[in-house]
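Trainee: Could we go through this one together, a bit at a time?
Mentor: Gladly, let us look at the model and start from a single residue.
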Amino acid sequence: MTTISNAINAYSALSRAITGEADSLTKESKGDSGALSQSVAPGKDFASVLQSAAKDSVSTLRNAETLSAAGIAGKADIREVVQAVTNAELTLQTVVNVRDKVISAYNDIIHLPV
Amino acid sequence: MDDLQKSTAIAVSGMKAQSERVRVISENMANADSTAQTPDGLPYRRKVVTFKTELDRANGINRVAVNKVRNDPSDFNKRFDPKNPAADRDGYVLTPNVNSLVEMMDLHEAQRSYDANMNVITTSRGMLSQTVQLLR
């Protein structure tokens, strides 16, 4: 029984970490998305974890996209383009891996023999 | 920002600074024979790059940036070439204070430094992505 409670604690800590981090990020940007993320943060359930993780990664990916478009036009520094694209790739990798992990845990719980 | 991502950002600033250095070196190399147009004019003067530390308060890191591109005040060289339109009464022409051997060594140094920064990026990216792979 201790192992199951350990696992649950680990996932709730993860969800707190992800929603907390995404929240601080959107607060820093001070965009109109602030109201959206605030409505998400208090829930901290499975869906909100995925949502804020996706939101976080989307902003990183969008940054990479803008910079690479500017790089192709010859307006941006090629090194900064490489840096942004690398960061975006890494963020996407992290999001995909964490999502897979969380979903597999979710599935494990759903398929528990009752 | 993660520390490893910060080190990538710092290395990128180093690469930028070194590429500006390479640009100045290539200016010097290309203009190694640019004499004056008239006898009282001056030939091309060699340029040197200096670097400085730049504090990025938002991320708490020290980047590098080009401080100044200034002129090398050393004396011009002289060459006997009476047919040149810039030759003085005795037939001597002032030539730029560029030594192509020195420029070659500078270029090598810039290249090595650029490589070192690229290695920092490769290593930190590898460390980060291997850490993420642990989740699989």
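Trainee: Okay, is Val98(A) buried, exposed or in between, and why?
Mentor: This is a predicted model, and in it Val98(A) counts as partly exposed, because it has 17 C-beta neighbours inside 10 Å, whereas a buried residue needs 20 or more.

Trainee: Where does Val98(A) sit?
Mentor: Val98(A) belongs to helix α4 of chain A, which covers residues 78–110.

Trainee: And what does Val98(A) touch, leaving aside its neighbours within four places in sequence?
Mentor: With those neighbours set aside, Val98(A) is in contact with Ala53(A) and with Leu135(B). Ala53(A) is itself one of the buried residues of α3(A).

Trainee: How far is Val98(A) from Ser52(A)?
Mentor: The two lie 46 residues apart in sequence, and their C-alpha atoms are 12 Å apart in space.

Trainee: Which residues of α3(A) are buried?
Mentor: The buried residues of that helix are Val49(A), Ser52(A), Ala53(A), Asp56(A), Ser57(A), Ala64(A) and Leu67(A). As background, an α-helix has 3.6 residues a turn, so residues three or four places apart point the same way.

Trainee: What span should α3(A) have, and what does it come to?
Mentor: Helix α3 of chain A, residues 46–72, has 27 residues and should span 39 Å at 1.5 Å a residue; its end C-alpha atoms are 39 Å apart, so the two values agree. After α3(A) comes Gly74(A), with a positive phi near 80 degrees.

Trainee: Switching to chain B, what does its secondary structure come to?
Mentor: Chain B has two helices and four strands, arranged along the sequence as α-β-β-β-β-α. Its radius of gyration is 22 Å, well over the 14 Å that the globule rule gives for 136 residues, so chain B is more spread out than a compact globule.

Trainee: What does the C-alpha trace of chain B span along its principal axes?
Mentor: The trace spans about 80 × 25 × 15 Å along those axes. Of the 136 residues in chain B, 21% count as buried, and residues 24 or more positions apart account for 62% of its contacts with a separation of 6 or more.

Trainee: How do β1(B) and β2(B) pair?
Mentor: Strand β1 of chain B, residues 47–56, and strand β2 of chain B, residues 61–71, pair in the antiparallel sense over ten bridges. One pairing to look at is that of Phe51(B), whose bridge partner in β2(B) is Val66(B). The two strands form a hairpin with four residues between them, and Gly60(B) in the turn has a positive phi of about 65 degrees.

Trainee: Which residues make up the largest nonpolar core?
Mentor: That core has eight residues in all, namely Ile10(B), Ala11(B), Val12(B), Met15(B), Ile25(B), Ala110(B), Tyr114(B) and Ile121(B). The elements giving two or more residues to this core are α1 and α2 of chain B, and α1(B) gives the most, with five. Leaving aside neighbours within four places in sequence, Ile10(B) is in contact with Ile61(B) and Arg63(B).

Trainee: How many residues are in contact between the two chains?
Mentor: Twelve residues of chain B are in contact with twelve residues of chain A. On the chain B side, α1 (3–30) and α2 (100–133) are the elements that give two or more residues, and α1(B) gives the most, with six residues. That side divides into six nonpolar, three polar and three charged residues.

Trainee: What does Ser129(B) touch, not counting residues up to four places away in sequence?
Mentor: Ser129(B), which lies in helix α2 of chain B, touches Leu90(A) and Gln93(A) on that count. Ser129(B) counts as partly exposed because it has 15 C-beta neighbours inside 10 Å, and its C-alpha atom is separated by 38 Å from that of Val69(B), 60 residues away along the chain.

Note on methods:
Residues numbered from 1 in each chain as written. Chains lettered and ligands numbered in written order. Predicted model: local features only at pLDDT ≥ 70, side-chain atom pairs only at ≥ 80, totals over all residues. Contact = placed C-beta atoms within 7 Å. Nonpolar A, V, L, I, M, F, W, Y, C, P; charged D, E, K, R; others polar. Expected span 1.5 Å × (residues − 1). Buried ≥ 20, exposed ≤ 12 C-beta atoms within 10 Å, placed from the backbone. Core = buried A, V, L, I, M, F, W, Y, C linked by C-beta atoms within 7 Å. Rg over C-alpha atoms; globule rule 2.2 N^0.38 Å. Pairing = 2+ DSSP bridges.
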